[in-house]
Amino acid sequence: MKPQSQALRSLSSRCNRPRIRPMAVSNSSLGSAQFPVFVVSKNKVKIGAFESAVKRCLDASSFCFVPVPADSGVPAQPFGDAQTYAGARNRVENAKALLKSTDRLPREGLIAAVEGGVGWIPDFTIQDSQPPEKRVEVFAWVVIENLRTGVQTCSRSACFLLAPDLGRLILEEGMELGDADDKVSGRTKSGQGTGTIGRLSGGALTRKSYYEEAAICALLPFLNPEHYGEQYGLRQPFNSCDHTLGSKTSEHQNV
C-alpha cells in the first residue's frame with residue numbers, strides 16, 4: 001500500500017471512532033446533561049451536517065444539537081472568500097449575543113456556523129478567454145468556537161465549478177444559488193435538500209455531505225487538543241442543553 005493511502009486510511013479510522021467524551025454534570029430537573037452544540041441555522045441540511053460530523057468523530061451520546069437563528073451580516077448570496085468567511089463568523093458572534101441576551105449562553109459548548117458562497121475561480125486555472133458565467137466556483141466556510149475559551153477554528157470546503165446557466169443568473173440577476181438552481185432545474189427549495197452539488201453530481205454528493213466534510217476539518221483541533229493546545233479541549237464540566245430558541249425559518253435558502 002502506498003504511504004498516501006495508508007495516511008488516508010489512518011485519518012479515516014480516527015474520524016470514525018469515538019475520541020472524546022466530555023464530562024457531564026447532572027441536572028435533576030432536566031435529566032442527564034449533554035454537551036451543547038449550537039448550530040447557527042434553521043436549515044435542516046446545515047444542522048444535519050454538523051450533527052453527522054460530530055457523531056462521526058466524537059461520542060454521540062454526549063452531545064445535543066440546538067439550532068439558533070442569527071444574521072450573517074453579508075448579502076444573501078456572499079461573493080468571494082472574505083465575504084463568505086465573514087458571514088460564517090458573524091453568525092457565530094450574533095448567535096452568542098442572542099444567547100447571552102436571553103441568559104442562555106452556557107459556560108461550555110460549541111457554536112458552529114457554515115456559510116455557502118460563490119466567487120471567481122483562480123486566474124491561474126483559466127486556460128483561455130472565458131465569459132464571466134464560466135468562471136464562477138462554489139465553496140463554503142465553516143467557523144466553530146469553543147465557548148469555554150473563546151478560541152475559534154475555521155475551514156474551507158472543497159470547491160467546484162458552477163454550471164454557466166447558474167452563474168449567469170447569479171451574476172446578472174443577483175439570485176441566490178439555491179433560487180437559481182430551483183429556476184433551472186424546476187425543483188423547489190433545493191437549498192434545503194440535496195443542493196446544487198447533489199443535482200450536478202447525480203447524488204454522489206449532497207449539500208449535507210459537502211458541508212459535513214468541511215465541518216470535520218474545522219473540528220480537528222478540538223479532536224486533538226494535545227497537539228493544538230489546551231484551549232481547544234472539551235473536557236470541562238458544562239451546562240445542560242435546555243437552550244432551545246424559537247424562530248421563524250428564513251425565506252433564504254442559505255440561512
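Trainee: Which residues of β4 lie on one side and which on the other, and are they buried or exposed?

Mentor: This is a predicted model, and in it both faces of β4 are covered. On one side sit Val 136, Val 138, Ala 140, Val 142, Ile 144 and Asn 146, on the other Glu 137, Phe 139, Trp 141, Val 143 and Glu 145, and all of them are buried.

Trainee: And how many of the residues of β4 are buried?

Mentor: The count is 11 of 11, so the strand is described as mostly covered, with buried meaning under 20% relative accessible area.

Trainee: Which strands does β4 pair with? Start with β3.

Mentor: Strand β3, residues 110-120, pairs with β4 in the antiparallel sense over 11 bridges.

Trainee: Which face of β5 is covered, and which is uncovered?

Mentor: In β5, residues 152-156, the covered face is made of Thr 153 and Ser 155, whereas Gln 152, Cys 154 and Arg 156 form the uncovered one. Ser 155, on the covered face, is the residue that bridges to Val 142, and Gln 152, on the uncovered face, is the one opposite Glu 145.

Trainee: Changing topic, where is Asp 181, and is it buried or exposed?

Mentor: Asp 181 belongs to helix α5, which covers residues 177-185. Asp 181 counts as buried because its relative accessibility is 0%, and the cut-off for buried is under 20%.

Trainee: A charged residue at 0%, then. What is it in contact with?

Mentor: Setting aside the neighbours within four places in sequence, Asp 181 is in contact with Leu 166, Gly 186, Arg 187, Ser 190, Thr 196 and Arg 199. Gly 186, one of these contacts, follows α5 and has a positive phi, near 80°.

Trainee: Which other residues of α5 are buried, and what do they pack against?

Mentor: Along with Asp 181, the buried residues of α5 include Leu 177, Gly 178, Ala 180 and Asp 182. The buried residues of this helix pack against β4, α4 (164-173) and α6 (195-200).

Trainee: At what angle do α4 and α5 pack?

Mentor: They pack at about 125°, with their axes 9 Å apart. That angle makes α4 oblique to α5, and α4 passes α5 in a right-handed crossing. The contact is made by Asp 165, Leu 166, Leu 169, Ile 170 and Glu 173 of α4, together with Leu 177, Ala 180, Asp 181, Lys 183 and Val 184 of α5. By class, this contact of α4 with α5 has 6 nonpolar and 4 charged residues, and no polar ones.

Trainee: Where else do helices cross? What about α2 and α7?

Mentor: The axes of α2, residues 44-57, and α7, residues 207-223, come within 8 Å and cross at roughly 45°. This makes α2 oblique to α7, and α2 passes α7 in a right-handed crossing. Among the contact residues are Val 45, Ala 49, Phe 50 and Ala 53 of α2, and Tyr 211, Ala 215, Ile 216 and Leu 219 of α7. The contact of α2 with α7 has 11 nonpolar, 2 polar and 6 charged residues.

Trainee: Zooming out, how many helices and strands does the protein have, and in what pattern?

Mentor: There are 8 helices and 6 strands, which follow the pattern α-β-α-β-α-β-β-β-β-α-α-α-α-α along the sequence.

Trainee: And what percentage of the residues are buried?

Mentor: Buried residues make up 47% of the 255 residues in the protein. As for contacts with a separation of 6 or more, residues 24 or more positions apart account for 70% of them.

Methods. Residues are numbered from 1 along each chain as its sequence is written. This is a predicted model: local features need pLDDT of at least 70, side-chain atom pairs count only at pLDDT 80 or more; totals for chains, interfaces and linings use all residues. Side-chain values use heavy atoms; hydrogens and water are left out. Axes are lines fitted to C-alpha atoms, for helices over the stretch in contact, and angles run from 0 to 180 degrees between N-to-C directions. Helices (H or I, at least four residues) and strands (E, at least two) are DSSP runs, numbered from the N terminus. Angles under 35 degrees count as roughly parallel, over 145 as roughly antiparallel, 65 to 115 as roughly perpendicular and the rest as oblique. A crossing is left-handed if the near helix is turned anticlockwise from the far one by less than a right angle, and right-handed if clockwise. Contact means heavy atoms within 4.5 Å. Buried means under 20% relative accessible area, exposed over 50%, partly exposed in between (1.4 Å probe, protein chains only). Two strands pair if DSSP finds at least two bridges between them.
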